[in-house]
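Student: Please take me closely through the part where the chains meet, then carry on into the fold behind it. I'd like the cut-offs as you go.

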Amino acid sequence: MTYEELLTETALKDERIIVMTAENRALVRNLPRILGARFVDTGITEQTMVGMAAGLALRGRIPIVHALAPFLTMRAFEFIRTDVGIAGLPVKLSGYIPGFLSDGNGPTHQAIEDIAIMRGIPGMEVYSPADEDDSVKMLPSIWAAPAPAYVRINHKKGTFVHAPYEPGKAEVVAEGKDLTLLVYGFLFDNALQARTLLEKEGLSVGLVNMRSLKPVDQEAIVRAARGSRLLVTIEDHLQTGGLYSIVAEVLLRHRLAVAEVLPLALDEHWFRPGLLGQVLETEGFTPVAIASRIKRHLEFDLNSHIYVQ
Amino acid sequence: MTNEQSAELQSTALRVREHIIRLSAGGGCFIGASLSCVEIMVYLYTHVIRRNADNPHDPKRDYLFLSKGHDVPALYGTFVEMGWLAEERLSNHLSTQDSIYWHPNRQIPGVEFHSGSLGHLPAVAAGVALDCKLRGSKNRVVVITGDGELNEGSVWETLLVANAYGLDNLTLVVDRNMFQANIRTEELVPLEPLADKFKAFGCEVRRIDGHDYEQLEEAFDGGEEKGKVKVIIADTVRGKGLPSIEARADRWFCAFSGDEVAQLLEELHGNKEASIESETLVVR
């Protein structure tokens, strides 16, 4: 099932749903025909779309709104915070081509701070499914919940068959004694392959698909920190405010501040635009690059005797 | 304008279109919206914008801001023809080793400001125009927007403020190709009567055929009302020059095969019409 099929099915079952877009129909090509007046395209007007969504929600509707992730989360940010956030309205935000998925568009189109700014809004939930299968498993309960939510939409077909989704819970794919990879969204598949490479080297490697970044599954993070020597956060997001920050907050809260965490993220830079494969090469996020960055870190730490066993 | 000058501009535009068509191979580009503004861009850079080739940052230069950044193939194609950008670099399109991608950026000499998020550069241009006024200098500041881009409220806010500050050194050119992404503007959020809207916001408005150099010349040379932002609505055809994709809603972002590009180049030169099978993408 695709994102659009799920959305169609959900909207046909529930009259309260209004599908909106600020003139980005990539995910909702067939919905104008199917939903008629319950499909609203406001043109290139992200702020107005979100404000209208708040108005529709005030009247009992559940607007599911679509735009490119950067314009949705940043152009309309104050409308989301003030009209949706303060009022706590069930507006569901679907951000398209987040993170590396904006490939050759350039920094204007790179949503790599979306997790940070969306999770800063009180009451706003933040999700990032790993692929299409994961999306279809997660979205029904996200859309059914009364809270406002932002979802990094990812309709790439993955190779992995995900476990059923339990609201607010991560998917623990494997546990590992040496290290645990914590990942969300599109990079899940590369982390999965990197895990295989590292296991071949004799390492015991855990893998967690975070799924929900807010609320975050604290238990999954704490268990990984207690069970492995090293945590690795992997994200196509700025290092500030994303998963690395979330993990740091959780570890501090649980007095696990001595745990070692390696962040693989975008450190203070927009990524070099290009075709997706090349972007992953250049930024060091192919499975091979992820595995070798982790190995380099482990070797460096062993040589410099940082580990206290 | 003499016939000779006009013919020269036409042949420059033809070469710019060839560059655009080549950029639609591989990862693709926004071909239709690039082809619609070729004459506007060629005319501006050859006849309007005073630019010091030795010092691109000369503060006395005129400024051209490209706010509809997705038509960057037309901009870079024009830069190649002006001799500011080596043609070979266009083959680095979408390589992370160069900075030739789907939107303009200042790594490419000649680009005044990056764009891609719509409705930003009218305001940036107004800031530049305001400083030119404050310093009493005579620079001309031109900003090209799309027509779909006029959906964004920031464009209209800028016009209110720019007219409040009497920025008559600012010209907004609208590439009125009648489409936004895969929809006709008038079928989605109608803009017409567009000239009346700009007039109501206090602007001096001209409406011309954006593919006609004589009309472009007249519009840019025309006398100006003091204190008013100038708006030129340039009626254009999306995909201009390629009948097989002209004014078609489905020809927005296109990634053509090498064979299709070869066919389109033939079509551009008035030979055989291309038969295109690549699916259009709704994304971006």
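Tutor: Start where chain A touches chain B: 31 residues of chain A are in contact with 32 residues of chain B, contact being heavy atoms within 4.5 Å. Keep in mind that this is a predicted model, with local features needing pLDDT of at least 70 and side-chain atom pairs counting only at pLDDT 80 or more, while totals for chains, interfaces and linings use all residues. As for bookkeeping, residues are numbered from 1 along each chain as its sequence is written, chains are lettered from A and ligands numbered from 1 in the order written, and side-chain values use heavy atoms, leaving out hydrogens and water.

Together the two chains bury about 2400 Å², with 53% of that on carbon and sulfur atoms; buried area is the accessible area (1.4 Å probe) that two parts lose on being put together, summed over both. The rule finds one salt bridge across this interface, meaning a side-chain nitrogen of Lys or Arg within 4 Å of a carboxyl oxygen of Asp or Glu. The partners are Arg75(A) and Glu152(B), at 3.5 Å from N to O. Over all chains, the count comes to 35 salt bridges. Among them is Arg38(A) with Glu15(A), whose closest N and O atoms are 3.6 Å apart. That pair ties together distant parts of the chain, 23 residues apart: Arg38(A) sits in the loop between α2 and β2 of chain A, Glu15(A) in the loop between α1 and β1 of chain A. (Helices, H or I with at least four residues, and strands, E with at least two, are DSSP runs numbered from the N terminus.)

Now the fold. Chain A has an open, mixed sheet of seven strands ordered β2-β1-β3-β4-β6-β5-β10, where two strands pair if DSSP finds at least two bridges between them. β2 and β10 of chain A are the edge strands, each pairing on one side only, and the twist averages 20° from one strand to the next. Within this sheet, β1(A) and β3(A) run parallel and share five bridges; Val19(A) has Ile64(A) in β3(A) as its bridge partner.

Helices lie on it, too. (Axes are lines fitted to C-alpha atoms, for helices over the stretch in contact, and angles run from 0 to 180 degrees between N-to-C directions.)

Pro215(A) is in the loop between β10 and α9 of chain A. The axes of α9(A) and α10(A) come within 10 Å and cross at roughly 75°. That makes these two helices, α9(A) and α10(A), roughly perpendicular, since 65 to 115 degrees counts as such, under 35 as roughly parallel, over 145 as roughly antiparallel and the rest as oblique. Ile221(A) and Val222(A) of α9(A) and Val247(A) and Leu251(A) of α10(A) are among the residues making the contact.
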